[in-house]
Amino acid sequence: MINYNQVTKTISLEVYGIKNANVQYQLSPEQLHEITVEKGLGKEASSGALAVNTGEFTGRSPKDRFIVKDDITKDRVWWGDINIPFDADKFDALYNKVVNYLSNKEIFVRDSYACADEDYKLNIRVINEYPWSNQFAYNMFLRPTEEELKGFDPEWTVVNAPGFMANPEEDGTRQHNFAILNFSKKIALIGGTGYTGEIKKGIFSALNFILPVFKNTLPMHCSANVGKEGDTAIFFGLSGTGKTTLSTDPNRSLIGDDEHGWTAGNSVFNFEGGCYAKVINLSRDNEPEIYDAIKKGAILENVILDKDGHVNFEDISITQNTRVSYPIEHIENIQVPSTGKNPKNIFFLTADAFGVLPPISKLTPSQAAYHFISGYTAKVAGTEAGVVEPQPSFSACFGAPFMPLHPAKYAEMLSEKMIKSGVNVWLVNTGWTGGPYGVGTRMKLKYTRAMISAVLNGDLGLYNYDDYHIHSVFGVAQPRECPGVPTSVLSPRATWNDDENYYKTAFKLTNAFRENFKKFEAHCNEEIRRGGPQRYAF
Ligand code: ATP
Ligand code: MN
């Protein structure tokens, strides 16, 4: 059970420049739920969960994410399309506009923290225009005890004003929405977008700078769980590859579903206090733990309810990125606190829409470093007219949009930790089998789960070469047998029934890998470069 703190203290927002606000400090999730419904900003679903629409934005907007260029960041951040610089004076001017906008309004304030390991705790104050965004902060950040709240000293502040529209010409933004990190002032300033993911990923991005630069800790875009023997597993992957789905495993205790740190002291800790799951096509049969987490306290985003308040998870008329947030306690089997020891297994999840990567394969240390820097997944041929082929998508460290430093910095830290801890690294294709998107089908969740369980239970021999086939194109070690999985599924080529097209498509992908890797080559030693695919078409 969650302990819903009833707090009597209140705070003033004048120090932030927010004048005359009607401050609603640290309301309980029940109160925020009620206020949201009363104001007509959301509805209660039949499950008891709150359902809201996030408005114009139903996903993050990476092109509108900026970092203030100042003494702390100027020589450390990897500036470019991902980390777009923002002028410090422009920030101050825009900040003043936002706090003026928030003045004289009812404002929802929540004190919380990130990082489940005491030694890394980061206190956060979240200031929201909307009650449901404040409930999202309750769900996703860690919840301080009443004792901790008494002397609470906020370090970072999130100012979240979805209704404020910037004027790009005057404010220096690209368009009316923005998410800006200011490391000198320790502020994440978010406006013009109600997408809640900006709040959690704002703090994630801040930690991705703070932890490696000041705390010798590797931040990771990954989920994590732990088995009965205390064996930690972590799952890296880009959006939609299965971090949340596969880490939610009834046989293992969940540490966290999206953001973790790996310390120099051989431990792993969750940054967050909740989960943020995709709910597209969610079914109780396939994902019972997540399905049952959708109850009072959870917040559904951009789903369609019928007249009785039932959610139709197949309905993607608002967006494919339908979501639910809930406190981690909504999952039955969790690790308390959300920490673990050095991982024993690392999974790199990729949704290969070309259908050419093996469903599971073991990587050597150089292959692991290569694939980590590449961060491959694929975008499926979407609803856009004319796009009939899957598009390869590379995102360094499986999370480039959130990484303020050069990817090589994170890769170096990971390599070092992998070698020191002797962790096993696996590449898992949760994408297509039997052909590319449009021809083949998505890998059955049941099979992916069986492959992961086999690794975790020690049923896949670690490096008995006879048990593995070295893939002639990718060079990775593909197991020949796996309990719970038809043998034919383990070889992607065999599932195609068309060798010529299989190899053609595989070469298309390896060429994309090579093209993408060019920009990192100068930063990587021979050892890492050797980890790439073995054969390319010319
Ligand atoms: P994000 O970073 O956006 O939170 P994520 O990595 O956590 O993304 P999930 O929320 O786990 O991604 O989404 C994976 C989706 O793919 C789910 O909707 C899941 O049901 C679906 N899926 C279908 N087949 C598989 C499979 N074989 N393995 C994993 N997920 C699968
Ligand atoms: Mn997730």
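Modeller: Start where Ser133, Phe136 and Met140 of helix α3 meet Gly197, Ile199 and Lys200 of helix α6. Sorted by class, the residues of this contact of α3 with α6 are three nonpolar, two polar and one charged. Keep in mind throughout that this is a predicted model.

To place that contact, look at the two helices as a pair. Two packed helices are described by the angle between their axes and the distance between the axes. Helix α3 covers residues 131-140 and helix α6 covers residues 197-214; their axes come within 9 Å and cross at roughly 45°. That angle makes α3 oblique to α6. The crossing in which α3 passes α6 is right-handed.

Helix α9 spans residues 365-374, and helix α14 spans residues 499-521; the two pack at an angle of about 90°, with their axes 10 Å apart. At that angle, α9 and α14 are therefore roughly perpendicular to each other. On the α9 side the residues in contact are Tyr370, His371, Ile373 and Ser374, and on the α14 side they are Phe513, Arg514, Asn516, Phe517 and Phe520. By class, the contact of α9 with α14 has five nonpolar, three polar and one charged residues.

The other partner of α9 to consider is helix α10, residues 407-421, and here the axes are 10 Å apart with an angle of about 155°. That makes α9 roughly antiparallel to α10. Their crossing is right-handed. Pro365, Ala368, Ala369, Phe372 and Ile373 of α9 meet Tyr410, Ala411, Leu414, Ser415 and Met418 of α10. In this contact of α9 with α10, nine residues are nonpolar, one is polar and none is charged. Ile373 is listed in the contact with α14 and again in the contact with α10.

Most residues other than glycine have a negative phi, and most peptide bonds are trans. Lys186 has a positive phi, near 55°, and is not a glycine. Lys186 sits in the loop between β9 (178-182) and β10 (187-191). The peptide bond between Val336 and Pro337 is cis, with omega about -10°. Pro337 belongs to the loop between β19 (323-327) and β20 (339-341).

A backbone N or O atom of Gly240 is 2.9 Å from an oxygen atom of ligand 1. For Gly242, a polar backbone atom is 3.2 Å from an oxygen atom of the ligand. For Leu238, a backbone N or O atom lies 3.4 Å from an oxygen atom of ligand 1.

Methods: Residues are numbered from 1 along each chain as its sequence is written. Chains are lettered from A and ligands numbered from 1 in the order in which they are written. This is a predicted model: local features need pLDDT of at least 70, side-chain atom pairs count only at pLDDT 80 or more; totals for chains, interfaces and linings use all residues. Side-chain values use heavy atoms; hydrogens and water are left out. Axes are lines fitted to C-alpha atoms, for helices over the stretch in contact, and angles run from 0 to 180 degrees between N-to-C directions. Helices (H or I, at least four residues) and strands (E, at least two) are DSSP runs, numbered from the N terminus. Angles under 35 degrees count as roughly parallel, over 145 as roughly antiparallel, 65 to 115 as roughly perpendicular and the rest as oblique. A crossing is left-handed if the near helix is turned anticlockwise from the far one by less than a right angle, and right-handed if clockwise. Contact means heavy atoms within 4.5 Å. Ala, Val, Leu, Ile, Met, Phe, Trp, Tyr, Cys and Pro count as nonpolar, Asp, Glu, Lys and Arg as charged, and the others, Gly among them, as polar. A polar contact is a pair of N or O atoms within 3.5 Å; within protein, one must be able to donate a hydrogen and the other to accept it, and residues adjacent in sequence count only if both atoms are side-chain atoms.
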